[in-house]
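Welcome! Take a moment to turn the model around on your screen, and then let's walk through a few of its parts together.

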Amino acid sequence: MSELQTAEDARLRHLLTLDGLGRARIEALLDHAAQLRSLWRAGAPLPALLDRRTVVNLFFEASTRTRTSFELAARRLGADVVNFDISGSSTSKGETLEDTLATLEAMDADAFVVRHKENGTPARLAAHARRAVVLNAGDGNQAHPTQGLLDLLTLRDHKGRIDGLRVAICGDIRHSRVARSDVHGLRALGAAEIRLCGPAALLPDAAEFADCTLSHDLDATLEGVDAIIMLRIQKERIEHLPGFDETEYFARFGLDRRRLARARSDAIVMHPGPMNRGIEIAADVADGAQSVILEQVANGIFARMAALATLLGRERNG
Ligand code: CP
């Protein structure tokens with residue numbers, strides 16, 4: 001995927017993964033997102049970086065945050081946005097995704113924002129695109145690069161840097177594209193320690209995360225960390241979860257106030273959403289003073305603005 005997203009002249013051609021994207025490029029995206037956020041919050045006009053551009057949201061899986069924030073990001077930078085209605089489209093008559101993409105490209109669509117349950121679908125479409133760019137809005141358990149960017153931006157806002165941070169990612173890591181993109185981004189920006197915690201069935205193979213610590217002990221995992229990223233159980237990606245009991249899960253792997261006290265006193269609590277209150281996170285922690293969950297949501301718009309503007313070529317893209 002990382003080769004496919006970079007053009008021969010080193011420009012970013014698509015955004016499919018943070019894996020291999022490199023520190024300089026990730027930091028440039030974060031800086032650009034922060035700059036656009038400053039303008040927006042000061043009430044200043046945003047540059048029309050996407051004027052005469054058409055962005056198509058192709059969501060084959062449910063989404064609240066990603067779809068809406070891509071739409072707002074694109075519109076606020078001057079683009080036309082099409083929220084493609086999959087259920088009412090000719091894909092239901094057997095048209096391939098490649099033919100759907102070619103059809104929309106023929107209507108001068110410039111960017112496709114793609115979410116799909118199958119790993120690799122955005123990359124498959126990127127390989128097929130003639131002119132348009134593809135942004136991965138989450139594929140299977142593989143990657144969710146703009147979630148990774150907004151998480152890095154939120155962390156950097158609060159900690160001033162990613163270098164040297166100790167970050168815990170807890171819950172269903174095995175099925176999580178967010179965990180993978182967060183790990184790719186945290187590694188690239190120099191996090192000191194990434195601790196992954198969850199039940200054995202929901203932890204990934206150690207070889208995939210060789211530079212992370214894997215544990216089933218949430219109390220030990222949280223000791224002294226700067227940030228905690230809680231993840232929900234991805235029931236839609238688990239065929240059979242024998243004996244899963246929500247109360248028992250919360251007792252062993254839920255973040256409550258007692259457990260939060262094991263982290264540094266200035267630790268932040270993050271969650272990509274959607275949250276399952278009372279399963280992976282207590283409501284009073286989700287809504288508490290250390291929670292930055294709604295800041296993550298707000299930053300999603302600016303991270304996606306930066307990604308769209310970079311790919312559509314009217315901003316620095318070195
Ligand atoms: N974090 C995230 O991807 O949320 P949505 O599924 O609501 O887009």
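This is a predicted model: local features need pLDDT of at least 70, side-chain atom pairs count only at pLDDT 80 or more; totals for chains, interfaces and linings use all residues.

Let's start at the ligand. The residues around it are Ser63, Thr64, Arg65, Thr66, Arg115, His144, Gln147, Pro272 and Gly273. Some of these reach the ligand with polar atoms. Ser63 has a polar side-chain atom 2.6 Å from a ligand oxygen, and for Thr66 the distance from a polar side-chain atom to an oxygen of the ligand is 2.6 Å. In His144, an N or O atom of the side chain sits 2.9 Å from an oxygen atom of the ligand. How much of the ligand does the protein bury? On its own the ligand exposes 250 Å², and the protein buries 92% of that.

Now find Arg304, in helix 11, which spans residues 293–311. Arg304 is buried, yet it has no salt bridge. The nearest side chain of opposite charge belongs to Asp151, 8.0 Å away. A salt bridge needs the charged atoms within 4 Å, so that distance is beyond the limit. Which residues does Arg304 touch, leaving aside neighbours within four places in sequence? Its contacts include Arg65, Thr66, His144 and Gln147, and these four are also among the residues around the ligand. Arg304 is in contact with Ser69, Phe70, Ala73, Thr146 and Leu150 as well.

Finally, look at helix 4, residues 121–128, where Thr121, Pro122, Ala123, Leu125 and Ala126 are buried. These buried residues pack against strand 1 (54–59), helix 3 (97–106), strand 3 (111–116) and strand 4 (133–139).

Notes. Residues are numbered from 1 along each chain as its sequence is written. Side-chain values use heavy atoms; hydrogens and water are left out. Helices (H or I, at least four residues) and strands (E, at least two) are DSSP runs, numbered from the N terminus. Buried means under 20% relative accessible area, exposed over 50%, partly exposed in between (1.4 Å probe, protein chains only). Lys and Arg count as positive and Asp and Glu as negative; His and the chain ends are not counted. Contact means heavy atoms within 4.5 Å. A residue is near a molecule or strand if one of its heavy atoms lies within 4 Å of it. A polar contact is a pair of N or O atoms within 3.5 Å; within protein, one must be able to donate a hydrogen and the other to accept it, and residues adjacent in sequence count only if both atoms are side-chain atoms. Accessible areas come from the Shrake-Rupley method with a 1.4 Å probe; for residues, only the protein chains shown count as cover.
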